[in-house]
Amino acid sequence: MIKLNEMRRRVRTRKRELDSQSASISELKNKLTAFVEDVRNRSVIYNLIKTLPVWQEIEKLIKADD
């Protein structure tokens, strides 16, 4: 059996890991959103890439989080 103190230590450790991952994901999302908005403002580039499947997936990801 695992002792209560050991379980609490593991929970705290895992919570720190999750918080760190969450912060990294949030930072990545912010950078990706800024990139997409920048490309949308550049109409020539946007018109060239807006039909690419990968671009459409990126836009879906950003809209899903809004």
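Modeller: One term before we start. pLDDT is the predictor's confidence in each residue, on a scale from 0 to 100. The model is predicted.

Colleague: What pLDDT does the chain average?

Modeller: Of the residues, 97% score at least 70. The chain average is a pLDDT of 92.

Colleague: In which helix is confidence lowest, and in which is it highest?

Modeller: The lowest confidence in the chain belongs to helix 3, with a mean of 88. At 94, the highest is in helix 1.

Colleague: How many aromatic pairs are there?

Modeller: Rings pair if their centres lie within 6.5 Å. By this rule the count is two.

Colleague: Is the pair of Phe35 and Trp55 stacked or edge-to-face?

Modeller: The ring centres of Phe35 and Trp55 are 6.2 Å apart, and the planes stand at 70°. Planes over 60 degrees apart fall in one class. For Phe35 and Trp55 that class is edge-to-face.

Colleague: How many residues apart in sequence are the parts that this pair ties together?

Modeller: Phe35 sits in helix 1. Trp55 sits in helix 3, residues 53-65. The pair therefore ties together parts separated in sequence by 20 residues.

Colleague: Is Trp55 buried or exposed?

Modeller: The cut-off for buried is under 20% relative accessible area. Trp55 has 4%, so it counts as buried.

Colleague: What is the area of the nonpolar surface patch?

Modeller: Ile2, Leu4, Met7 and Val11 make the patch. Val11 is found in helix 1, residues 4-41. Val11 has a relative accessible area of 52%, so it is exposed. The patch area is about 350 Å².

Colleague: What separates the C-alpha atoms of Asn30 and Asp19?

Modeller: Asn30 is placed in helix 1. Asn30 counts as partly exposed, because its relative accessibility is 47%. Asp19 and Asn30 are 11 residues apart along the chain. Their C-alpha atoms are separated by 16 Å.

Terms used
Residues numbered from 1 in each chain as written. Predicted model: local features only at pLDDT ≥ 70, side-chain atom pairs only at ≥ 80, totals over all residues. Heavy atoms only, no water. Patch = residues over 30% accessible without salt bridge, like charges linked within 9 Å, V, L, I, M, F, W, Y side chains within 5 Å. Areas by Shrake-Rupley, 256 points an atom, 1.4 Å probe, with all protein chains shown as cover. Salt bridge = Lys/Arg side-chain N within 4 Å of Asp/Glu carboxyl O. Helix = DSSP H or I, 4+ residues; strand = E, 2+ residues; numbered from the N terminus. Buried < 20%, exposed > 50% of the residue type's maximum accessible area, 1.4 Å probe, protein only. Phe/Tyr/Trp six-rings, centres within 6.5 Å; stacked < 30°, edge-to-face > 60°.
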